[in-house]
Amino acid sequence: MTLPVSPSPSVAGVIFAGGASRRFGCDKAAELLNGRMMIAQVASRLAWQVRMLALAGARTDYGLALPCLDDAPHKDKGPLAGLASAMRWARAEGYTHVLTAPCDVPKLPMNLLTLLGPPDVAPHVLAVDDRLEAACALWPVGLATQVEAQLTGDGKLSLTRALLDGKAVVRHVTARDLDGSFANINTPDDLDQLKTPNG
């Protein structure tokens, strides 16, 4: 896929694509919504906001011709492992920040990075109508050591914990501010609802 020139050259994008999709019953990243794979829709919406894009934890590139980042040595530790690999990759490529999104938010807001604000030394995350969207955040790669420590620490592997430990800046917005939505697909019924005229 061809990536456009980014307005923020210090930011790389990473899609979390290593989940087991247990509630969905099959690899939901490859499921079609209006004729396109969900992960392809996330990729196209994230690509406009970053200079370079990769997939974390994915076993295939889904035909997107994007780098697939291995979660080793933290396989099976969820999106936090993907974040660690994303930070390592972004730093090696010369980026200072990573903008993350999961593979199951096909209507990912096109103005996500704008709403998160300019990159700085703390992670930034949105609270949409007071709901924290922890998987869709802007992370400084300087937090890599903290994330690695969390992965090998007390077993609390949530992205929310990583945000709290990193003293995240929380940007409070409403659903009306979004150019898109954070509606995520966990089950086939969720996918069907997005296919409806009002979905």
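Is R131 buried or exposed? At 54% relative accessibility, R131 counts as exposed, where exposed means over 50% relative accessible area, buried means under 20%, and partly exposed lies in between (1.4 Å probe, protein chains only).

1. **What you are looking at.** This is a predicted model, in which local features need pLDDT of at least 70 and side-chain atom pairs count only at pLDDT 80 or more, while totals for chains, interfaces and linings use all residues. Residues are numbered from 1 along each chain as its sequence is written, and side-chain values use heavy atoms, with hydrogens and water left out.

2. **Confidence.** pLDDT is the predictor's confidence in each residue, from 0 to 100. Its mean over the protein chain is 88, and 85% of the residues reach 70 or more. Please read residues 1–6 with this in mind: pLDDT stays under 50 there, and the model has 17 contacts beyond four places in sequence for that stretch. A contact means heavy atoms within 4.5 Å.

3. **The sheet.** Helices (H or I, at least four residues) and strands (E, at least two) are DSSP runs, numbered from the N terminus. Seven strands make up an open sheet with mixed pairing, ordered β5-β4-β1-β6-β8-β7-β9. The edges belong to β5 (68–69) and β9 (169–173), each with a single partner strand, so one side of each has no neighbour in the sheet. Two strands pair if DSSP finds at least two bridges between them. For β6 (residues 97–102) and β8 (residues 131–140), there are three bridges, in the antiparallel sense. Within this part of the sheet, L99 has L138 of β8 as its bridge partner.

4. **Helices on the sheet.** Helix α2 (residues 79–92) packs on the sheet and touches β1, β4, β5, β6 and β8, its direction making about 150° with that of β1. Helix α1 (residues 38–47) lies across β1 (11–16), β4 (52–56) and β6, and runs at about 165° to β1. For these angles, axes are lines fitted to C-alpha atoms, for helices over the stretch in contact, and angles run from 0 to 180 degrees between N-to-C directions.

5. **How enclosed is α1?** Eight of the 10 residues of α1 are buried, so the helix is largely enclosed by the rest of the structure. Among them are M38, I39, A40 and Q41.

6. **Salt bridges.** The structure holds six salt bridges, each being a side-chain nitrogen of Lys or Arg within 4 Å of a carboxyl oxygen of Asp or Glu. One of them joins the side chains of E133 and R131 (3.9 Å, N to O). E133 counts as buried, at 13% relative accessibility, whereas R131 is exposed.

7. Salt bridges link D154, R161 and D165 in a network. D165 and R161 meet at 2.9 Å, N to O, and D154 and R161 have their closest N and O atoms 3.4 Å apart. D165 and R161 are four residues apart in helix α5 (residues 159–165), which means that about one helical turn separates them. D154 is exposed at 51% relative accessibility, while R161 is partly exposed at 24% and D165 is partly exposed at 35%.

8. **A loop proline.** P118 is found in the loop between α3 (112–116) and β7 (124–128), and counts as exposed at 59% relative accessibility. Not counting residues up to four places away in sequence, P118 touches H124 and R171. P118 and S8 are 110 residues apart in sequence, and their C-alpha atoms are 8.8 Å apart in space.
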